[in-house]
Amino acid sequence: MSIFEVNLYTLALTSVCSYLAGALWYSPMLFADTWVKGIGKTHEELGNPGPALAVQVIATVSLAWWIGMLMNMRLADLLPEGLMALSIVGLLSLSAAARLFQGNQWSAVAIDTGYVAVMLLIPAVGFYLFP
């Protein structure tokens, strides 16, 4: 198996779990109201979520695949110690910086960046358990 190949069952499972985690994360049960206030909008101003949800599917699968490849490289001892953690810190920092440049409040930055962390954690655990 090439390091670029991943277990497709794990990829599908972790992608679906990450997507569902986002549905819960941004629901009224958790952070929806705080997030909407933090981005300076109302629920009505958000509009049609269809295009954003479609792009989110692509992002979720791509991110899970990337994590799967990193896990393959780590398990094959091809990824230097700490490089995966450094990559994740860089990605989370980039996510937070983008939200700050958009003028979002810290609450929205924390909610968005927290969700990206969850999107990284789910496939990391999945590919660790089911490489």
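## Aromatic pairs

The count of aromatic pairs comes to four. In one of them, Y26 with Y115, the ring centres are 5.6 Å apart and the planes stand at 80°, so the pair is edge-to-face; the angle needed for that label is over 60 degrees. Y26 sits in the loop between α1 (8–25) and α2 (32–38), whereas Y115 belongs to helix α5, so the contact ties together parts that are 89 residues apart in sequence. This is a predicted model.

The two tyrosines can also be described by their accessibility. Y26 counts as partly exposed, at 26% relative accessibility, while Y115 counts as buried, at 5%. Both residues belong to one aromatic cluster, which is formed by W25, Y26, F31, W35 and Y115.

Leaving aside residues up to four places away in sequence, W35 touches Y26, L46, A108, I111 and D112. Among these contacts, Y26 is the loop residue of the edge-to-face pair, and D112 takes part in a salt bridge with R99.

## Salt bridges

Two salt bridges are found in a search of the whole structure. Side chains of opposite charge can pair when their charged atoms come close.

The bridge between R99 and D112 has an N to O distance of 3.2 Å. R99 lies in helix α4 (residues 83–101) and D112 in helix α5 (residues 106–129), so this pair ties together parts that are 13 residues apart in sequence. D112 counts as buried because its relative accessibility is 6%, and the limit for that class is under 20%. R99, at 22%, counts as partly exposed.

The other bridge joins R74 to D77, with the closest N and O atoms 3.6 Å apart. Here R74 is partly exposed, having a relative accessible area of 27%. D77 counts as exposed, at 60% relative accessibility.

## Helix α5 in summary

Y115 and D112 both count as buried.

Key: Residues are numbered from 1 along each chain as its sequence is written. This is a predicted model: local features need pLDDT of at least 70, side-chain atom pairs count only at pLDDT 80 or more; totals for chains, interfaces and linings use all residues. Side-chain values use heavy atoms; hydrogens and water are left out. A salt bridge is a side-chain nitrogen of Lys or Arg within 4 Å of a carboxyl oxygen of Asp or Glu. Buried means under 20% relative accessible area, exposed over 50%, partly exposed in between (1.4 Å probe, protein chains only). Helices (H or I, at least four residues) and strands (E, at least two) are DSSP runs, numbered from the N terminus. Rings of Phe, Tyr and Trp (its six-membered ring) pair if their centres lie within 6.5 Å; planes under 30 degrees apart count as stacked, over 60 as edge-to-face and the rest as tilted. Contact means heavy atoms within 4.5 Å.
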